[in-house]
Amino acid sequence: MPGHATARDVYRQALPVILVSLVAGLFAGTILGTETMRSFIADVPGLLLLLPAFLATRGGVYGSLGARLSTGLHQGLIEPRFQLDRRLTNAIVASFINGMSVSVFIAVVTYLWLGLLGSDGSLLQLVGIMVVAGLLSAVLMISVLITVIFVGYRRGLDPDNVIGPVVTTLGDVFGVFFLLVGVVVVGGVV
């Protein structure tokens, strides 16, 4: 991989990913605009309040993982293979723990904020939804992210050029979808 990419190289590598991200973002918006999601937002107090924070943290937490992997590949500390070494395992575990912790934290803050606003909400329901959504999105985001980075790197793509749009798009699509799944699962349990 060349050490100095030109602006044209960056544009050539990033543009297709950005176009795919555009379509996927529209898909996430379509899920959010469905009648089912709107009824869940109406039925679960706090769901709309926690949604932006949940989506933003997907990008933040797993964007850090992508950056860490990209740096490791460029420095030769991580091999672009699907084998678990200590550095890769530590990065994955740290991202998973951060993703789950922040999901529960968002649920608690949302519950407290609802209380300050004088609205009703169920802490158990919000935490349950966020645990389900956080767990499912973490597993898929980590799997897809590692695949995209390793396969792209082996094919000559610089992960620094593509990982930002990939992570934010995955966070939006998986976040909205698994939030919907979380409401269905927890609604049947609580």
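**Figure 1. H3 and H5 packed side by side.** In this predicted model, the axes of H3 and H5 lie 10 Å apart and meet at an angle of about 30°. That angle makes the two helices roughly parallel, since anything under 35 degrees falls in that class. The crossing of H3 over H5 is right-handed. Sort the residues of this contact by class and you get 19 nonpolar, four polar and one charged.

**Figure 2. H4 against H5.** Here the partners are helix H4, residues 86–116, and helix H5, residues 123–154. Their axes come within 9 Å and cross at roughly 150°. Because angles over 145 degrees count as roughly antiparallel, that is the label for H4 and H5. The handedness of this crossing is right-handed. On the H4 side, the residues making the contact include Leu88, Ile92, Phe96, Met100, Ser103, Ile106, Ala107, Thr110 and Leu114. From H5, look for Leu123, Leu126, Val127, Met130, Gly134, Ala138, Ile142, Ile146 and Phe150, among others. By class, the H4 and H5 contact has 20 nonpolar residues, three polar ones and no charged ones.

**Figure 3. H4 from end to end.** H4 has 31 residues, and the distance from its first C-alpha to its last is 44 Å. That is close to the 45 Å expected at 1.5 Å a residue. Its buried residues are Leu88, Ala91, Ile92, Ser95, Gly99, Met100, Ser103, Ile106, Ala107, Thr110 and Leu114. An α-helix has 3.6 residues a turn, so residues three or four places apart point the same way. Just after the helix comes glycine 118, with a positive phi of about 80°.

**Figure 4. Threonine 57 in its helix.** Zoom in on helix H3, residues 47–74, and you'll find threonine 57 there. Its relative accessibility is 19%, so threonine 57 counts as buried, the cut-off being under 20%. Leaving out residues up to four places away in sequence, threonine 57 touches Tyr62, Val102 and Ile106.

**Figure 5. Proline 159 and its neighbours.** Proline 159 sits in helix H6, which covers residues 159–189. With a relative accessible area of 2%, proline 159 is buried. Setting aside residues up to four places away in sequence, the ones it touches are Ser70, Leu73, His74, Ile149 and Tyr153. As for threonine 57, that residue is 102 positions from proline 159 in sequence, and the two C-alpha atoms are 20 Å apart in space.

**Figure 6. Stepping back to the whole chain.** What kinds of elements does the chain have? There are six helices and zero strands, so read from the N terminus on, the order is α-α-α-α-α-α. The C-alpha atoms fill a box of roughly 55 × 35 × 25 Å along the principal axes. Of the 190 residues, 41% count as buried. Take the contacts with a separation of 6 or more, and 82% of them are between residues 24 or more positions apart.

Technical notes:
Residues numbered from 1 in each chain as written. Predicted model: local features only at pLDDT ≥ 70, side-chain atom pairs only at ≥ 80, totals over all residues. Heavy atoms only, no water. Helix = DSSP H or I, 4+ residues; strand = E, 2+ residues; numbered from the N terminus. Buried < 20%, exposed > 50% of the residue type's maximum accessible area, 1.4 Å probe, protein only. Contact = heavy atoms within 4.5 Å. Axes fitted to C-alpha atoms, helices over the stretch in contact; angles between N-to-C directions. Parallel < 35°, antiparallel > 145°, perpendicular 65-115°, else oblique. Left-handed = near helix turned anticlockwise from the far one by under 90°. Nonpolar A, V, L, I, M, F, W, Y, C, P; charged D, E, K, R; others polar. Expected span 1.5 Å × (residues − 1).
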